[in-house]
Amino acid sequence: MTIVRQNTLNPTVNPSVNPPENLPEKYAEAERMRDVVLLLQNLINSEEATVKLILDCLYDVGSVNLINQKLRLKPLNRVMKLIARMSKPVFRIIALNWFKKNCPQLITNWLHTQVSFENLQKTPEQVAIEVVQLEPYSIPQRESLSQEIKNLRYQVRWLAGISIIAIAVLVIKATWLN
């Protein structure tokens, strides 16, 4: 590895290049962060039951909130909540595998940003925005677009209803066959 010295005469040199005196600190920091990843992996493996319970709670709250937000019709809402409860074991397996694979590194990265104390007073860059004057649609175009939007919404409602009925029939058939 070659060490690049910072040129004090040229202010355009990349400031992210570490002077030699900071390299041992950076190596120690990287080693400690690897230790944190390993400790988090160990914690997740030893407390797998707790992680499963946390994921179950998050799934229960998230699925109910999502269904309530997306489906306003009571019968449809109830059917989807029933389907969500039945799909919970599949979610648990997938979520646990994802959690074990990704969360130690994600948590470590977040914790590292909390203890690095870099760029605390980061000011947003100013970006030039060009404003273009838009011409409004003519009245016949607006009516045409409005009618098209209404037709598309009607088709989406039909497709959603048919999909939910098909899923409900499939679930009923599957439970009946068992």
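Predicted model: local features only at pLDDT ≥ 70, side-chain atom pairs only at ≥ 80, totals over all residues.
## Salt bridges

Side chains of opposite charge can pair when their charged atoms come close. In this structure, a search of the whole model finds 7 salt bridges.

One of them joins E31 to R34, with the closest N and O atoms 2.7 Å apart. These two residues are 3 residues apart in helix α1 (residues 23-46), so about one helical turn separates them. E31 is partly exposed, at 37% relative accessibility, and R34 is partly exposed at 46%.

## Links between helices

E48 and K100 form a salt bridge through their side chains, at 2.9 Å from N to O. This pair links distant parts of the chain, as E48 is in helix α2 and K100 is in helix α4 (residues 88-116), 52 residues apart. E48 is partly exposed at 24% relative accessibility, and K100 is partly exposed at 27%.

A salt bridge also joins the side chains of D60 and K88, again at 2.9 Å from N to O. Because D60 lies in helix α2 and K88 in helix α4, the pair ties together parts that are 28 residues apart in sequence. D60 is partly exposed, at 33%, whereas K88 is buried, at 17%. Salt bridges with shared partners join E48, K52 and K100 into one network.

## A buried aspartate

D56 lies in helix α2 (residues 48-70). D56 is buried because its relative accessible area is 11%, under the 20% cut-off. Leaving aside residues up to four places away in sequence, D56 touches K88 and R92.

## The largest pocket

The largest pocket has a volume of about 170 Å³. Its lining includes K70, R72 and R157. By class, the lining has 4 nonpolar, 1 polar and 3 charged residues. Helix α5 (residues 139-177) gives the most to this lining, with 3 residues.

Notes: Residues numbered from 1 in each chain as written. Heavy atoms only, no water. 1 Å grid on protein atoms, 1.4 Å probe; cavity = no way out; pocket = protein on both sides within 12 Å on 5 of 7 lines; lining within 4 Å. Points joined across faces, edges and corners; volume = space filled by probe spheres on them. Helix = DSSP H or I, 4+ residues; strand = E, 2+ residues; numbered from the N terminus. Nonpolar A, V, L, I, M, F, W, Y, C, P; charged D, E, K, R; others polar. Buried < 20%, exposed > 50% of the residue type's maximum accessible area, 1.4 Å probe, protein only. Contact = heavy atoms within 4.5 Å. Salt bridge = Lys/Arg side-chain N within 4 Å of Asp/Glu carboxyl O.
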